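I opened a new page for this structure.

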Amino acid sequence: MFGTVVVGVGIAGLARIRDLMNPMPSSPSEHLKLFGFVSRRDFGNINEAKQISLEDALRSKEIHAAFISTENRSHEETIRMFLEAGKHVLVEYPMALSAKAAHELWEMAEQKDKVLHVEHIELLTEEYKQLKKEVAGKELVKGTLHFTGSVLDENKTGFPAFSGIARLTWLIDLFGDLTVTSATRVKQKDKNYSRMTVHFQTTNKKPLTWIEERGPGMRREKKINFCFTSGCLENFPQAPRSAVGLFMQDQNLFAKKLLGQVSKEELAAEKWRILRCLDLAEVIQQHCEQPEKICS
């Protein structure tokens, strides 16, 4: 059994507590036992999970792994603390808000022989699984992924290339390695509006565009337009509803890693994808900030 603690009790943290307290029968998650949760706010207990201090979570010999569900800005520091304390770590994406920090943390986990698992539930949705099947084996001509959503507090979530890294992860997972050819960002501060546009090339020199757009009242939505030599895909293929929740699927994957049930090849491919996306996110931010376009 692996003793666990959940750090941060927002939407993701509460889902983690729920799933740790109710593991799927006969799944790897049955090897995880929740010892408590850490929060800056005073809750006492949540359901039957008890609140403990950060110091106790770091010191406890009964706690082997931390589930980090804090705001993006504090991921790096929290991961570092738990790795230094000799704990395995599951963290919600993005694992850090700089590529340098991400590489350092991964190296630290490897030196300490600890699992560092970064949640990317966007790859576990039935919608995405069907899309990946649809794209497989087709030759890309050009493509666009356009995301819209409500306003984020960038002081907490980081630059849009990092907070929106789920979209970048989709593109890398679908089309392989990418190179940034240009990236710009328009902000209308008076309207609390932001639009980041990134142009990539695939290894076959095919163009891909990622648009991340946020403003008050904007619906959370993804639109695709992927054109292949065989035709264009403009709508998501229909997908069945999964019987297993996304956080539970992710938790099972983390438990499999703790139990040594994931191949070295799979682990290496996942490490490359996560770090490559964070490298690209940093390149995108650098492009956008030279200079940033601000409209009054």
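I sorted residue types before counting: Ala, Val, Leu, Ile, Met, Phe, Trp, Tyr, Cys and Pro count as nonpolar, Asp, Glu, Lys and Arg as charged, and the others, Gly among them, as polar. The model is predicted, with local features needing pLDDT of at least 70 and side-chain atom pairs pLDDT 80 or more, while totals for chains, interfaces and linings use all residues. Residues are numbered from 1 along each chain as its sequence is written, and side-chain values use heavy atoms, with hydrogens and water left out.

**Largest pocket.** I used a 1 Å grid over the protein atoms alone: a pocket is an open set of points where a 1.4 Å probe fits, with protein on both sides within 12 Å along at least five of seven lines, and lining residues have an atom within 4 Å of a point. The largest pocket holds about 1,400 Å³, a volume being the space filled by probe spheres set on the points, which are joined across faces, edges and corners. I found 42 lining residues, with Ala12, Ser69, Thr70, Asn72 and Glu92 nearest the centre. Helices H1 (11-21), H3 (75-84), H6 (154-157), H8 (165-175) and H9 (246-258) each give two or more residues to this lining. H3 gives the most, four. By type, the lining of the largest pocket has 16 nonpolar, 12 polar and 14 charged residues.

**Second largest pocket.** I noted a volume of about 500 Å³ here. Its lining has 23 residues, and Leu123, Leu124, Leu253, Glu270 and Arg273 are the closest to its centre. Nine of the lining residues are nonpolar, four polar and 10 charged.

**Cores.** A nonpolar core is a set of buried Ala, Val, Leu, Ile, Met, Phe, Trp, Tyr and Cys residues joined through side-chain atoms within 4.5 Å; buried means under 20% relative accessible area (1.4 Å probe, protein chains only). Which members of the largest core touch the most others? I found Met95, Leu168, Phe200 and Ile284, in a core of 63 residues. A second, separate core has 17 residues, including Leu32 and Phe254.

I looked up UniProt, where annotations may be inferred rather than shown by experiment. An unreviewed entry gives "domain: Gfo/Idh/MocA-like oxidoreductase N-terminal" for residues 3-120. I read that span as 34% helix and 25% strand, from DSSP runs (helices H or I, at least four residues; strands E, at least two). UniProt also places "domain: Biliverdin reductase catalytic" (unreviewed entry) at residues 128-240. That span is 24% helix and 44% strand, with its end C-alpha atoms 11 Å apart.

Definitions and conventions: Buried means under 20% relative accessible area, exposed over 50%, partly exposed in between (1.4 Å probe, protein chains only).
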